[in-house]
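These are my notebook entries on what I looked up in the structure shown below.

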Amino acid sequence: MSSIETSVVIVGAGPAGLLLGRLLGLAGIDNLVLELRTRRYIEERIRAGLLEHPTVELLGIAGVDDHLRRDGQFDEGFELRFEGERVWFPTAELTGGQQTVLYPQQEVVKDLLRARDTSGEPIVFEALDVALHNLDTERPQVTYRDADGAEHVITADYVAGCDGFHGVSRSAVPQTLRTEFQHDYPFGWLGILAEVPPSTRELIYAHHDHGFAMHSRRSPTLSRLYLQVEPDCDAATVPDEFIWDELTRRLATQDGWTLHRGPIVQKSVTAMRSFVVEPLQYKRLFLAGDAAHIVPPTAAKGLNLAASDISVLSEALMDHYRTGNDELLANYSTTALRRIWRAQEFSRHMTALLHHVPGQEFERRLQRARLQNLVISRSAQASFSELYVGIPFEGKPERFL
Ligand code: RFL
Ligand code: PHB
């Protein structure tokens, strides 16, 4: 069994783990990343698309925003559609110019991996049977088995659990010391990637009696679209023609806007769930990103919340290593949870605003009233926009860089 020492061992090479590793590396804090999957797998995993303004700023601080600034699509707002109407939401104008950016999550991951290649910090792919030990001692350990079957033990000061919702870190916290909050929605999202130029220059969110639909983009030649479906829908069994017909119906406007169709190159169904574990710390383990919370994708907060957790955690760890002050670390959970719950609330609000649950007529009338209110009231639009573009991160790692 080989034995390695480092300061911080990071479990999971998603956006949370890689961004933490990058920021710690820039501050001269050695760290090791352990990832269950292959590099190719994580570089190709299609997920999020929308980055909030504070996320873009943090990626800039981490020095990994060149490609994002070159290829990202900077948006001034989005379009809301319901009952055939189209309403433009000038989110940037309403928030002092804060733009959101469409830039695929796998590109963020590739940018972070490239930066790690350059800095030469260690990362292990295909780390199997990762297990956390002695978290309540000064020197916790993480063990894993490599692809050749050899066993390894890493001894560190801290463990960062960034291994997503299905990872192992969260369950290393004794059950009696954690509280989990969960809400499941009675619908899912069918997401498609299609080889067709986007039919819109901005994002479109649509509320329709058949359910929610959304038109997003990935590049000038690739469109990303979503449809509300039954939660147990099997994407493979839904004919492409049905998907396009339904998207056309739900996105239709009275002024004859046309949705362009093209070959669907990927389709999958995502369950919709809200989840938070509290607290985010157990002794020397800190949870961040999807390992600690899940939001329904409607408001595009998942990746951005992972970044906001990392802004707080990276600053706290830097303060510990630079000044020996552990106050920020002790407050990590409380600080990060404030923003997590605000994003949870907004995600739930936006989900309830736009999805359709058959049979809930009273709720449907309220939805219409809420949508009308958003259309009529500039101040309602402004407060919606503030949360949509992303409230400021509480961490300030830049003060140590
Ligand atoms: P990730 O990305 O899940 O990364 C966790 C990593 O840990 C690895 N892992 C392990 N490694 C070692 N040992 C183990 N035992 C391990 N178990 C797991 C995994 O292989 C993985 O590499 O979590 P992270 O870093 O916290 O990042 C979170 C985001 O990925 C997630 O919140 C977003 O993708 C959510 N999301 C969106 N977020 C946005 O901000 N904007 C969006 O527009 C948006 N759209 C979406 C989304 C998620 C979606 N799906 C498929 C869930 C759209 C969709 C359809
Ligand atoms: C996406 O492009 O995947 C996306 C964009 C905005 C959202 C959700 C998902 O609100």
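Entry 1, the cores. I took a nonpolar core to be a set of buried Ala, Val, Leu, Ile, Met, Phe, Trp, Tyr and Cys residues joined through side-chain atoms within 4.5 Å. I used buried for under 20% relative accessible area, exposed for over 50%, and partly exposed for values in between, with a 1.4 Å probe and protein chains only. The model is predicted: local features need pLDDT of at least 70, side-chain atom pairs count only at pLDDT 80 or more, and totals for chains, interfaces and linings use all residues. Residues are numbered from 1 along each chain as its sequence is written, chains are lettered from A and ligands numbered from 1 in the order in which they are written, and side-chain values use heavy atoms, with hydrogens and water left out.

I found 76 residues in the largest nonpolar core, where Leu 19, Leu 34 and Leu 51 touch the most other members. Helix H8 (residues 302-323) provides the largest share of this core, ten residues. Here helices (H or I, at least four residues) and strands (E, at least two) are DSSP runs, numbered from the N terminus. Apart from this core I noted another one of 27 residues, which includes Tyr 185, Ala 299, Leu 353 and Tyr 388.

I then listed the contacts (heavy atoms within 4.5 Å) of Leu 34. With neighbours within four places in sequence left aside, Leu 34 is in contact with Val 9, Ile 10, Val 11, Gly 12, Ala 13, Val 124, Ala 127, Val 130, Val 142, Tyr 144 and Ile 154.

Rolling a probe the size of a water molecule over the atoms shows where empty space is left. On a 1 Å grid over the protein atoms alone, I counted as a cavity a set of points where a 1.4 Å probe fits but cannot get out, with lining residues having an atom within 4 Å of a point. Grid points are joined across faces, edges and corners, and a volume is the space filled by probe spheres set on the points. My search of the whole structure gave three cavities of 30 Å³ or more.

The largest cavity holds about 60 Å³. Its lining consists of Pro 15, Ala 16, Leu 19, Thr 55, Leu 59, Val 108, Leu 112, Leu 303, Ala 306 and Ala 307. At least two lining residues come from each of helix H1 (15-26), helix H3 (53-61), helix H6 (105-119) and H8. For classes, I counted Ala, Val, Leu, Ile, Met, Phe, Trp, Tyr, Cys and Pro as nonpolar, Asp, Glu, Lys and Arg as charged, and the others, Gly among them, as polar. The lining of the largest cavity then has nine nonpolar, one polar and no charged residues.

The second largest cavity holds about 50 Å³. I read its lining as Glu 52, Lys 301, Arg 339, Arg 342, Ala 343, Phe 346, Leu 387, Gly 390 and Ile 391. Helix H9 (residues 327-354) gives the most to this lining, four residues. By class, this lining has four nonpolar, one polar and four charged residues.

Is Gly 12 buried or exposed? Gly 12 is buried, at a relative accessible area of 6%, and sits in the loop between strand E2 (8-11) and H1. Beyond four places in sequence, Gly 12 touches Gly 17, Leu 18, Val 33, Leu 34, Glu 35, Cys 162 and Asp 163. I found its C-alpha atom 7.3 Å from that of Gly 164, 152 residues apart along the chain.

Thr 155, in strand E12 (residues 151-155), is buried with a relative accessible area of 10%. The side chains of Thr 155 and Gln 141 are joined by a polar contact of 3.1 Å. A polar contact is a pair of N or O atoms within 3.5 Å; within protein, one must be able to donate a hydrogen and the other to accept it, and residues adjacent in sequence count only if both atoms are side-chain atoms.

The peptide bond from Glu 278 to Pro 279 is cis, with omega near -10°. Pro 279 belongs to the loop between strand E18 (264-278) and strand E19 (281-282). I also noted Glu 126, a residue other than glycine, with a positive phi near 50°; Glu 126 is partly exposed at 35% relative accessible area. Asp 129, which is not a glycine, has a positive phi of about 50°. Asp 129 is found in strand E10 and is exposed, with a relative accessible area of 52%.

Notes. 1 Å grid on protein atoms, 1.4 Å probe; cavity = no way out; pocket = protein on both sides within 12 Å on 5 of 7 lines; lining within 4 Å.
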